[in-house]
Amino acid sequence: MSCKINKNLSVEELVAAAIARDEVKKSKSGALASTTGTYTGRSPHDKFIVDTEDVHNEVSWGDINVAITEENYEKLEKLMRDYLDERDEVFVFEGKVGADSNCSLKVRVNCEYAYQALFCRHMFVNVLNEELENFETEFTMLAAPGCKISKPSEYGLNSEAFIVVNMKKKLVLIGGSKYAGEIKKGMFSVANHLFPAKGVLPMHCSANMGADGRTAVFFGLSGTGKTTLSADPKRALIGDDEHGWGKEGIFNFEGGSYAKCLHLTREKEPLIYDAIRYGTILENVTMNDNGELDFEDDSLTQNGRAAYPLSYIPGHVESGCGGHPSAIVFLTADAFGVLPPISRLSKEQAMYHFVAGYTSKLAGTERGIVEPQAVFSSFFGKPFMPLKPMVYAELLGAKLEQFGTPVYLINTGWSGGSFGVGERINLPYSRAMVTAALNGDLDEALYATHPIFNLDYPTSCPNVPDEVLNPRNTWKDKDAYDKKAQELADLFVQNCDKFINMPAAVRKAGPLGAC
């Protein structure tokens, strides 16, 4: 069978192909609605790295970075190539990871579906037509959801789905899952492996720029408010998920946004809401027979997503680049409800909390997550950072030392009690705290030190009630607060024990008595 290769089609051509092939349905807004079946989020237990001699001593092996043998990989690659060769047609995208022309990764993605290639056009950095004429890829991905493994154990796998990175062969395989997030995260994980050797700190973060040209960076896992808080109408969006901090400043890895849609309204998030139009891909968002979308319906998943190009965001930073950050914000969704809503961090505290990466996995972001679970995810994105932890932490510390960038830890989680008792911290309060941090309003504020977490938090902040800033004040039962706070501090201690190479000064920057 002769397989037709559709290479670097336009947005219009890919939209038409996706509709004609019945991969998507067109909504009234022009957005394309798709469903991904069983896999409505990332499948972390199906992700592997090929254990080759060139990466064996670099990778932080464990329950996240799981090894697969070269022998099993070769069988998978052959299976996938044969599968794609048997299709009537495939869709090829060529572009870049990284908006900085001095530090980017040229990528090629061979897709089973047209809407996957459209997703790539939105999410990766597009290159000019003249660049495509002699395009030489540095890393290739094969993405075939229909290629499922009936006997996973014969390939060293856990299920019918697989995401496998081979740094030696410069290939990524994604099979069995239609969830498009695997495509972007798979290739960004590759960049996160390669860029530190170039002096670039890869960051799972969003970034924006004020009218004065000062940039801000927001770290956080899915559900912490990273996308929401960076999509500020008063600031120009650089990007909402992955960036690098290089010699010239920060730069976006991607060319689009992949925003959560549950409970989306124009009033709360106008930039995201208005970006859901022609060409935007909606994954697992309910739509009726009249093409009307229902952002309140979570019957498919709580992780419904919209993928669209940054050009759909008015006033975005077209270059995808900014200067060295004037402020860094770590976002955490504390399901215990005990962390201060905002704290100012020293360099050592910033390194500590960067490595700790405490947050809560929220419902829908991964398969099987139905309510918030307290977790520690180094760098607020450990699943995408394959190298040993101190590689990234020391890069952060060096850049903070060089540029004197202030760092704040902002809790967008619960207040007045743990999940199920307390309430999520009001979004307007979180926005006010972010604004105060970025404007320098907290530079001269009075600070108090939390007796358990060893964190300095402001006693006042513009447009935020003073009593909210001390989390203990929001609990009716103070003894219950103290007990729950100590419980979380103990988890920090246990997590810290994993990092045997952490410098002593960084260890001491955690909760009092930790490590």
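Predicted model: local features only at pLDDT ≥ 70, side-chain atom pairs only at ≥ 80, totals over all residues.

A search through the whole structure turns up 24 salt bridges, and a few of them get a closer look below.

**Helix 8**

- Helix 8 covers residues 347–356, and eight of its ten residues are buried, so the rest of the structure largely encloses it.
- The buried residues here are Gln349, Ala350, Met351, Tyr352, His353, Phe354, Val355 and Ala356.

**Helix 10**

- Helix 10 runs over residues 427–439, which makes 13 residues.
- From its first C-alpha to its last, helix 10 reaches 18 Å, close to the 18 Å expected at 1.5 Å a residue.
- Which residues of helix 10 are buried? They are Ser430, Ala432, Met433, Val434, Ala436, Ala437 and Leu438.
- As a reminder, an α-helix has 3.6 residues a turn, so residues three or four places apart point the same way.
- The cover over the buried residues of helix 10 includes strand 12 (215–219), strand 22 (327–332), strand 23 (342–345) and strand 26 (407–411).
- Helical cover for those buried residues includes helix 6 (226–230) and helix 11 (466–469).

**Salt bridge between aspartate 241 and lysine 185**

- Aspartate 241 pairs with lysine 185 in a salt bridge, with the closest N and O atoms 2.7 Å apart.
- This pair ties together distant parts of the chain, 56 residues apart: aspartate 241 is in the loop between strand 13 (236–239) and strand 14 (242–245), while lysine 185 belongs to helix 5 (residues 181–194).
- Are these two partners buried or exposed? Both aspartate 241 and lysine 185 are buried.

**Salt bridges with partly exposed partners**

- Aspartate 22 and lysine 25 meet through their side chains in a salt bridge, at 2.7 Å from N to O.
- Lysine 25 counts as partly exposed because its relative accessible area is 47%, between the 20% and 50% cut-offs.
- Arginine 266 forms a salt bridge with aspartate 274, the closest N and O atoms being 2.8 Å apart.
- Arginine 266 is partly exposed at 43% relative accessible area, and aspartate 274 is partly exposed at 38%.

**A salt-bridge network**

- Salt bridges with shared partners join Lys184, Lys185, Lys226, Asp241, Glu242 and Glu254 into one network.

Technical notes
Residues numbered from 1 in each chain as written. Heavy atoms only, no water. Helix = DSSP H or I, 4+ residues; strand = E, 2+ residues; numbered from the N terminus. Expected span 1.5 Å × (residues − 1). Buried < 20%, exposed > 50% of the residue type's maximum accessible area, 1.4 Å probe, protein only. Contact = heavy atoms within 4.5 Å. Salt bridge = Lys/Arg side-chain N within 4 Å of Asp/Glu carboxyl O.
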